[in-house]
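Me: I'd like to learn how to read a structure like this one, feature by feature. Could you walk me through it?

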Amino acid sequence: MKLFIKLFLLILILAAGASYWYWHSYKKGIFKYFLQHTISSKTDSLYYLRYDSSHIDEINGNAYFRNVYLQSDSEQQVILKSTDSLPNVLFNVYIKSVKASGIDMAAALRNNELHAKKIIIDEPYIQLINTGSNQLQIEDTIALYKKMVGEFKSINADSIIIRNGVFVSKNRRNEIQSSLSRTTILLTKFKIDSTCDYTNVVSYFINNVVATVDTISVHKNNGKGVIQLAGVNYNSSAKSLMIKCVQSIAENGKTSVVKLNQLELNELNIEEFIERHRLQAGMLYCKGGEVTVYTNKHDASTNELSNKSFDFPEKFFDEIELGCINLGNTTFIIRNKQFPEREPVTVRNVTFNVTNEINVVQGKTIRNIIDHAKWKIDADGFTFITEDKLYAISVQGISIDRQKNLVSIEKFGVKPTISETQFVSRAKKQTDYYTIEINHIKLAGIDFSKLLSQSMLDMQQANLKVNLNVFTDRTLPINTASKVGKYPQQLLLKLKIPIYIKKVVLENSFISYRERALESKQIGDVRFTNVNASIDNVTNIPAYIHTNPVCVINAKGLLLNKATASTQWKLLLNTTDGTFDVKGEIKKMDAAILNSIGMPLGMTSVSGDINGLTFSMTGNNYKTKGSLEFLYSNFKLASYKMDEKGDTLKNKKMETWFGNALIIDNNPANGKTRTADISADRELNKSFFNLVWKSIFGGIQKTILSKGGAELQKRIKRPKIINKAAVIK
């Protein structure tokens, strides 16, 4: 028995010695076979593993591998492809070196458990090739994980350090889909075992991790451009994600569509993001940058914008929950998709802030995020030149408050780019030269949902102060082009954007019409000051027009800063012939006030008292009819002509006497108040307002002319004396 024990111990010692010698002599081969078998047994021998050199210290549990390659076998790919067994994703891995310390060698060989204290992976290059769909799916990451883990039941490491890694994803045409460069990752307390749920495999790599990536590039389908994220820093303990720059580059590789700087997400719930495709964070902050937005193409067949005014990315997240958003000064560049060569509109210093919690459960689009949140946008404004290069349009001091459904604009301006003299010298026909300045604009009760989803401007009220200056030079050739179809309500109906404004309020506004007369070559200025007006039911939307087909304008102001004038306009929106109704009144005034207009424009002066003027008429594209009452006393005319030098008006005594002989000095006269019927045919090349004035002036002529004067007027094609009394053409 003792001999048996001695022999057994001797054999055991010899076996142990032989095993020790064999292990030290062939440990690299054993480990190499184990690793290769782990890979190939799970992948139908599709992949092979090799490395140039290695060092293994089984006593201290250290291992080192240099130039490690894990690649798919091209011949095996062909075989599997012919049997429809090729996986959806192929991958190739190269690692410059792998260092591991504190490895439990016995557990690795005996229990297929990889336990280590520290693993350092230097300069890995990982390439994925999508052989099936064009996008990497979660199932593909699971398959990839199982192939890499192989037969290991568990992987456990106190820390894993990946230094200067590169990741590239390609499609089946060998085109790059996405890439990560200069990636550094620190994983701590990393553990995976057989009890884990493989459906959430990505989540194993998001906890206890600090990661930095120099550049992440995501290429759009069909070579439509690339999105780049530079300076990415993720810290799971701090629950923060910081990106130095996000840039979307167009397909030409030069034009930047989006460039945002210093993005920060804090209180980030990364598990919700990875596992449930849900963005949940405390705050999204961005320092600012530049964003290009393209307007959609206009559909000529329907006279409407196709679907939506602006392009927004769709299917953003399944669910979004953010505490607040802060976007710093950003420049927005708005380009016309239909005419990309046109100069873009640049909106500068745009800020965007959301102060309440955003919780969009079924949103999936940026539109719905904006629609559900309480946000505010501020901007310095923008300026652009019209297509004909004659006017600069500017908007300054923009503030949009979603919570209050309010938009305020400090100033809107339309200013000529050339002087009045230059404009006249370039004009070939009579054309209006105008300057518009609208201040203190307040747009209240805006339906932002309709604005964003239907490109419809729907609001309750617009308050503004208008300064309008118009100049026309009658010494230029007459513009014979027809203006039929260009009444205010007709132009409104032709607008491409659907509009409904319940009420527009003009406050303390100013309107000036200046004209250089053909005969006198002098300029008269018709001014209305302290104009206050309300415009109800401004719309071109059929549903609103069906409910209320009339746009009503009520206005009141001072004519030449002296006489109170008021008017009401009713513009029909449900007709095609430009039907309108207008009535007005001018209060008592000194007739001589009109001489600042009558002298240059009609070479006529008047004196006496105007005690009141009221009129009412209806009209359409071609004519008007109505009635007028003109009350006056001691009314006299004086006619003038240009002197020999052509720069001074000289009284024409004979025509003055003859003209006064044809008029009645007073109305009422002899206890009877005269009224006049209004009837006028439109000159088709003249404006809407010209027809209205022509009708009013015709009624004034009928009122002031005596019976003999009226008969004389019928015989004379152009009654020079009376027509010179015109104060507005």
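Reply: Buried means under 20% relative accessible area, exposed over 50%, and partly exposed in between (1.4 Å probe, protein chains only). Helices (H or I, at least four residues) and strands (E, at least two) are DSSP runs, numbered from the N terminus. One caution: this is a predicted model, where local features need pLDDT of at least 70 and side-chain atom pairs count only at pLDDT 80 or more, while totals for chains, interfaces and linings use all residues. Residues are numbered from 1 along each chain as its sequence is written, and side-chain values use heavy atoms, with hydrogens and water left out.

Me: Why is helix 11 described as largely enclosed by the rest of the structure?

Reply: Six of its eight residues (595-602) are buried, so helix 11 is largely enclosed. Just after helix 11 comes Met603, with a positive phi of about 50°.

Me: Which residues touch the most other members of the largest nonpolar core?

Reply: The general idea is that in soluble globular proteins, nonpolar side chains tend to be buried together. A nonpolar core here is a set of buried Ala, Val, Leu, Ile, Met, Phe, Trp, Tyr and Cys residues joined through side-chain atoms within 4.5 Å. The largest one has 121 residues, and Phe630, Phe635 and Ile696 touch the most other members. Helix 13 (residues 688-704) gives this core its largest share, eight residues. A second, separate core has 10 residues, among them Ile393, Val414, Val424 and Leu476.

Me: What does Phe635 touch?

Reply: Contact means heavy atoms within 4.5 Å. Leaving out residues up to four places away in sequence, Phe635 touches Ala591, Val606, Ser607, Phe630, Ile663, Asp665 and Ile704.

Me: How many aromatic pairs does a search of the whole structure find?

Reply: It finds 17. A pair of aromatic rings is described by the distance of the centres and the angle of the planes. Rings of Phe, Tyr and Trp (its six-membered ring) pair if their centres lie within 6.5 Å; planes under 30 degrees apart count as stacked, over 60 as edge-to-face and the rest as tilted. Take Phe630 and Tyr632: their ring centres are 4.9 Å apart and their planes at 35°, so this pair is tilted. Phe630 is buried at 4% relative accessible area, and Tyr632 is buried at 1%. Elsewhere, ring pairs link Tyr487, Trp569, Phe580, Phe688 and Phe689 into a cluster.

Me: Is Ser633 buried or exposed?

Reply: Ser633 is buried, because its relative accessible area is 17%. Ser633 lies in strand 29 (residues 623-642) and touches Gly608, Asp609, Asn611, Asp665 and Asn666, not counting residues up to four places away in sequence.

Me: And Ile59, buried or exposed?

Reply: Ile59 is exposed, with a relative accessible area of 66%. Look for Ile59 in the loop between strand 1 (47-57) and strand 2 (62-72). Ile59 and Ile103 are 44 residues apart in sequence, and their C-alpha atoms are 9.4 Å apart in space.

Me: How many helices and strands are in the chain?

Reply: The chain has 15 helices and 31 strands. Of its 729 residues, 43% count as buried.
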